[in-house]
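User: Please pick one part of this model and look at it closely. Then place it in the chain as a whole, with other local features worth checking.

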Amino acid sequence: MYLFKFHPLSTLVAATLSLLFGSCNPRSESTAVQPALGYRSAQLLEINGLQFKDLSRDGELTPYEDWRLSHEQRANDLVGRMSLEQKVGFMLISSTRMENDWAFDRGRQSGPLGSGFNEEDQVMAINIFTRKPLDYPMMGAAGTTKAVTQFHERHFILRANPSARLLAEWANNLQALCEGDGLGIPAIIASNPRNHITSNAAAGLSVGQTAFTQWPGELGLAAMRDLNLARQFADVSRQEWLAGGLRKGYMYMADLATEPRWQRIEGTFGEDAQLAAEMTREIVLGFQGESLSETSVALTTKHFPGGGATEDGQDPHFEWGKREVFPGGQFENNLIPFKAAIEAGTSAIMPYYSFPVGTEYEEVAYAYNKKVLQDLLRGTMGFDGIINSDTGPIMMMPWGVEGLGITERYKLALEAGINLFSGTADPSQLLATLEQYPELIPLVDESVERLLLEKFRLGLFENPYVDVEAAEATIGKKEFRDLAEQSLRKSIVLLRNGAENTPTLPLTSGTKVYFESYQQRRGAEPNNVIIPTDNPWGFEFVGSAAEADVVILWLFPQGKSLFASDGSPLYVSLSKNGIDVSYVNQLMSEKPTILAINFTSPWVIDEIYSEGKEHVAGVLATFGTSSDALLDVISGAFAPTGKMPFTTPISEEKAQNQLSDVPGYDEGPDYSLFRFDEGLTY
């Protein structure tokens, strides 16, 4: 059992004393405030009434163990104590798995997750995203104990979806393993988003429905146009992540949704750089605070310098999407949200796989692009945090440097400024690079120091453990869910409401309503009749359109999964994205219809709707919400306030010809059906 030692003075008192006495280091015993120490195997050293963890197990207080010293002093000391092998392992972040977690092994069924470790290595001969053979087989995940004790890894990405209790127990077990090994350096556990309603859950994108409080998708957060609520979202999520032991978010996307065919638009805050910047700022501050501390979750803002201007909408996870093009000359526009993230103090930034075409920068992937990372990001933009590669640029997506061997790729990426390499658990090839090019070791030391500073600032060296009972009580608690319910309603956008001067909405109590959602799902009927168990709206829900006064039809267009891409052309019309338009038109012809569309992309809906179309009594946009929230808006229980986060093209032709780096609202007066920032209310 791990123990906690508490000093009677609270953290609040500690902060107050720090303000009064300053932050000179080392602090004297008279001004030092004992932090809570969480430990399992480490012994405690007591010096002048203060306690310290003997992580190195040498019976002496070494500088990195002395919480009275500055983070910089401690990190500098620890770098000097680490072997080259430890440093190399420390520069890798790879997936880690819980007991019975086989999420990445297609064809192998995951069993009930446990709080123990998955000790089986995952060696891959194929790209986990494209399913294509790799030129260089790689270890995507090592057995947990091996990763910690043999490979010296301390950065992990958890993609499993456990309960709150299992998550906290597993996180504690991982920290205990790290504490008992080598210099006792704690782990940092990262994750992709876990707090959103999404229809595109996939590895590297979003974990999907979890035990965590469910808010709208990122587009929905932007559609709220409520920066205070966006900050509250981030703060609530921070509390849940903190309680479960997740201390780093591989999020959020500061990319702009300027190419309507791009399959990752759902993870953005829309097409407008200023709105995306405002949202990014609130999200970073909500998760991290004004600066990193023991109550922060560190964020990795992605994908620098913006990945939305992709050629033909194709994504650079694939060779056919590796070119990022700027026909409108809008490269600088993509930087605006990243500037906001840097000003807010984002802990890390992740460059994308793509490379720029037609700019002043070299046509090599951003992870290798020294002028982009050093001159632009570090120099011009002043970023001083961690540069974290995306998953697999060395062995899976080495665009622009395909002709180089692994050693040369590592060398080029180190020189460009990568501090943390994502996607492989095997440190041997990075170690071999340093043995061949020892002049790169100062870059390694600089990277390790940056990574250690993040851990010291997060308070992980003092207490990396979490309270399992508190995790269960915190994650998904009612207070958080009630706040999220507001956001689900505020994210809905009312776009059309009956004919001019004769609004249809809100519907009145007593209206006979046929409510159907439509979404292509594997092995299931696409249409689902919704008859709520509770009925606070006073509608009479019926089982067919023939019985109804009004039809509510909620469409969920679904494009080809990102990781099922084959390079074929991408479209945004409904018939190309899982909607049977003949069926929809037939249904809408029967009765006046309230049409709701879930926009994960700027869908073109001209196959079922045009201005003034008969029978369409109203049009709403959703971005990941609940049926109850939608009915609250339709009934008038909640007056709509949302605004569109992007422009939707009036036709597929317009979408195919949009300039990839230009927002839809700048594409001309005949481009749009629904405009950015458009939204009605009652």
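**Ser651 and its setting**

Ser651 is buried, because its relative accessible area is 16%, and the cut-off for buried is under 20%. The model is predicted. Ser651 sits in a loop. On one side of that loop is β26 (648-649), and on the other is α18 (652-656). Which residues does Ser651 touch, once those up to four places away in sequence are not counted? The answer is Val604 and Asp606.

Next, the chain around this site. The protein holds 18 helices and 27 strands. Its radius of gyration is 26 Å, close to the 26 Å that the globule rule gives for 682 residues, so the protein is as compact as a globular protein of that length. The C-alpha trace spans about 80 × 60 × 50 Å along its principal axes. Buried residues make up 60% of the 682 residues; Ser651 is one of the buried ones. Of the contacts with a separation of 6 or more, 74% are between residues 24 or more positions apart.

At 59% relative accessibility Glu46 counts as exposed, whereas Ser651 is buried. Glu46 belongs to strand β3 (residues 43-47).

Now a helix with buried residues. In α2 (residues 71-81), Arg74, Ala75, Asp77, Leu78 and Val79 are buried.

Two helix pairs deserve a look. Packed helices are described by the angle between their axes and the distance between the axes.

Take α8 and α9 to begin with. Helix α8 covers residues 273-288, and helix α9 covers residues 336-344. They pack at an angle of about 25°, with axes 8 Å apart. Angles under 35 degrees count as roughly parallel, and α8 and α9 are therefore roughly parallel to each other. The crossing of α8 past α9 is right-handed. From α8 come Ala273, Gln274, Ala276, Ala277, Thr280, Arg281, Val284 and Leu285. They meet Ile336, Pro337, Ala340, Ala341, Glu343 and Ala344 of α9. By class, the residues of this contact are ten nonpolar, two polar and two charged.

Helix α7 runs over residues 227-244 and helix α15 over residues 478-490. Here the angle is about 145° and the axes are 11 Å apart. α7 passes α15 in a left-handed crossing. The meeting residues in α7 are Leu229, Gln232, Val236, Gln239 and Glu240. Their partners in α15 are Phe480, Leu483, Gln486, Ser487 and Lys490. This contact divides into four nonpolar, four polar and two charged residues.

A cis peptide bond joins Phe304 and Pro305, with omega about -5°. Pro305 is in the loop between β13 (298-304) and β14 (323-325). Asp312 lies in the loop between β13 and β14 as well. Its phi is near 60°, a positive value in a residue other than glycine. Asp312 counts as partly exposed, at 44% relative accessibility.

Another cis peptide bond joins Leu505 and Pro506, and its omega is about 5°. The loop that holds Pro506 runs between β19 (493-497) and β20 (512-518).

Asn100 also has a positive phi, near 70°, and is a residue other than glycine. Asn100 is placed in the loop between β6 (98-99) and β7 (114-117). Is Asn100 buried, exposed or partly exposed? At 31% relative accessibility, Asn100 counts as partly exposed. Ser651, also a loop residue, is buried at 16%.

Note on methods. Residues numbered from 1 in each chain as written. Predicted model: local features only at pLDDT ≥ 70, side-chain atom pairs only at ≥ 80, totals over all residues. Heavy atoms only, no water. Axes fitted to C-alpha atoms, helices over the stretch in contact; angles between N-to-C directions. Helix = DSSP H or I, 4+ residues; strand = E, 2+ residues; numbered from the N terminus. Parallel < 35°, antiparallel > 145°, perpendicular 65-115°, else oblique. Left-handed = near helix turned anticlockwise from the far one by under 90°. Contact = heavy atoms within 4.5 Å. Nonpolar A, V, L, I, M, F, W, Y, C, P; charged D, E, K, R; others polar. Buried < 20%, exposed > 50% of the residue type's maximum accessible area, 1.4 Å probe, protein only. Rg over C-alpha atoms; globule rule 2.2 N^0.38 Å.
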